[in-house]
Amino acid sequence: MDALIKSAKIISPNSPFHLKTKDILISDGKIEKIEDSISADCETISIEGLVVSDGWLDLFSVIREPGHEDKDTIAGLLASAAKGGFTQILGISGTTPPMDNKAQVQYAKMNSAGNVVTLLPAGTVTEGQKGEEITEMYDMHLSGAVAFSDGKRTLSNPELLKRALLYTKPFGGKIITYCEDKMVANNGMISEGEVAATLGLKVRPALAEEIAINRDLFIAEYTDAAIHITGVSSKKSVEIIKEAKAKGIQVTCDVNIANLFFTDEAVTSFEPNFKVLPPLRSEADRQGLIDGLKAGVIDVVTSGHTPQDIESKFCEFDNAEFGAVTLEATFKALYTVLKNDMSIEQIIALVSTAPSKVLGLNGKIAVGSEANLTLFVGSEATEFKLADVKSGSKNAPFIGTSLEGNVVGVVNNNQLHLN
C-alpha cells in the first residue's frame, strides 16, 4: 500500500515530528519520508485541517464470534473500529465458548488476520467466566493474549483475584477488572439518585463500584502488582483511585464514553440503548469523570462497545440486556465533550498513547516505522446517524445526537481505509 498524506499536523509524543505539520509518504505499509513537501505518484490525501496521530487503541470492545454471530461478527466488530478511527482493539470475550484457553485466542487471531484493524485478544481470568478457577493465562499469553479480563463480570472472590495478579506478574500479564459488589448492585437497572426516585426502577448504587474498587486496590497493593480498572463511573471512584495512585499503588483506569457523555437523565426516555454497565450516573458524577481526565487520574477513554441483538434491546427497559454499540462514535463524542477543557493532543492521548502504555506497547510516527496511523479533522457538529453504525447490531445510544469531529481514515497492516 502506497499513499501520500499532505500537510498534516502530527500528534505523536514519541516522535521528533510531534506537533509539526508535514507531508508523510507511505510505501509498502512503511513510512518512507516525512518532509515539508513531498511529491509522489500514488493515492494522495489532502484535506484542510488534517491531523494524523499514532493509531488509536480501544481497551474494551466485546467480541461476539463464535457463538453469538447474531449480535455481531469479528468482521463487523473490526468494521466498527475502522469507522471510529481505531487501528487496534482489545477484544473482550463475549463469546460462547469464552476465550478461556489458547485455542480460542488463536481462533480470534486467525479470524481477524488480514484486516486493517488489529484485534488484540484478551483471555478470560476465570474458566468459563464463572469466577471460580483461574485460567491458564500463561499459555494464552504465549498464544497472543495481551491482557486478561472477565469483561463486565465481577471477580467476586478476593483470593482468586490475588492469585491471578500473582500468577501474571512474572510475565507482565495485565489484569483488567470491572469493579462492582454484586450484593450492593442487587441486579439494579439504573443508578441510585433523584432520577431513579422519579422512575421507580430498581437502583444500582455507585457504592457498589466504590466498595469493589477499594477491595481491588487493597489486593493490588498487597501483591505489589499492576491492575487496570475498567468502567469507572462515579466521582467518588475517581477520588479513591487518585489516593491510591498517590500511595504508589500500580493502578490505571478507564471510563466508558457513554458515562462521559450522557447522564441518568437519558434513561427517563426508557430507551433500552441507554441501559449500560456501569449505569449512567448524575451530572455531578459526569463532571467528576471529566475532572479525573483533566487531572490525569483517569488514564484512558474506552468505547465499552457491547453489541446486543434486536431481541435483547427492542423490548421493555427492565427486560433489556445491558450494553451499547459505541466504537463508531467514540472519538466524536470524546471531542465534543472535551474540546473546551483539553487540547487536541491531550484528547488524542486518551485513545492512543495512553491505552498503548497500559498494554506495554510502543509506537511513534517516524521514518522506517510501520505505518499505524489515524487521520482526523475537527469539524462542525453533525448528526450521528444509523448509517454510521457498521456493527451487525444497532444498539447505539448516540444515534440522533449532534457530535463534532470527523475520522477521515486509518492506515495499518499495509492497508488504507478511508471513511
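**View 1. Nine residues, among them Met189 and Phe274, line the largest cavity of this predicted model.** The lining also includes Ile190, Ser191, Val267, Lys275, Val276, Pro279 and Leu280. A cavity is a set of points, on a 1 Å grid over the protein atoms alone, where a 1.4 Å probe fits but cannot get out; lining residues have an atom within 4 Å of a point. The largest cavity has a volume of about 30 Å³. Volume here is the space filled by probe spheres set on the points, with grid points joined across faces, edges and corners. One cavity of 30 Å³ or more is counted by this rule. Its lining has seven nonpolar residues, one polar and one charged. Ala, Val, Leu, Ile, Met, Phe, Trp, Tyr, Cys and Pro count as nonpolar, Asp, Glu, Lys and Arg as charged, and the others, Gly among them, as polar.

Residues are numbered from 1 along each chain as its sequence is written. In this predicted model, local features need pLDDT of at least 70, side-chain atom pairs count only at pLDDT 80 or more, and totals for chains, interfaces and linings use all residues, while side-chain values use heavy atoms, with hydrogens and water left out.

**View 2. The largest pocket has a volume of about 880 Å³.** A pocket is an open set of grid points with protein on both sides within 12 Å along at least five of seven lines. Its lining counts 46 residues; Gly151, Lys152, Arg153, Leu277 and Phe322 lie nearest its centre. Helix H5 (182-185) is among the elements that supply at least two lining residues. H5 gives the most, with three. Helices (H or I, at least four residues) and strands (E, at least two) are DSSP runs, numbered from the N terminus. By class, the lining has 14 nonpolar, 22 polar and ten charged residues.

**View 3. The second largest pocket holds about 350 Å³ of space.** It is lined by 16 residues, with Gly296, Ile298, Asp299, Ala354 and Lys357 nearest its centre. Helices H10 (283-294), H13 (344-349) and H14 (353-358) each give two or more residues to this lining. H14 gives the most, with four.

**View 4. Eight strands form an open sheet with parallel pairing.** The order is E6-E7-E8-E9-E10-E11-E12-E13. Two strands pair if DSSP finds at least two bridges between them. Strands E6 (56-63) and E13 (300-302) are the edges, each pairing on one side only. E7 (residues 86-93) and E8 (residues 118-123) pair over five bridges. Leu90 stands opposite Leu120 in E8.
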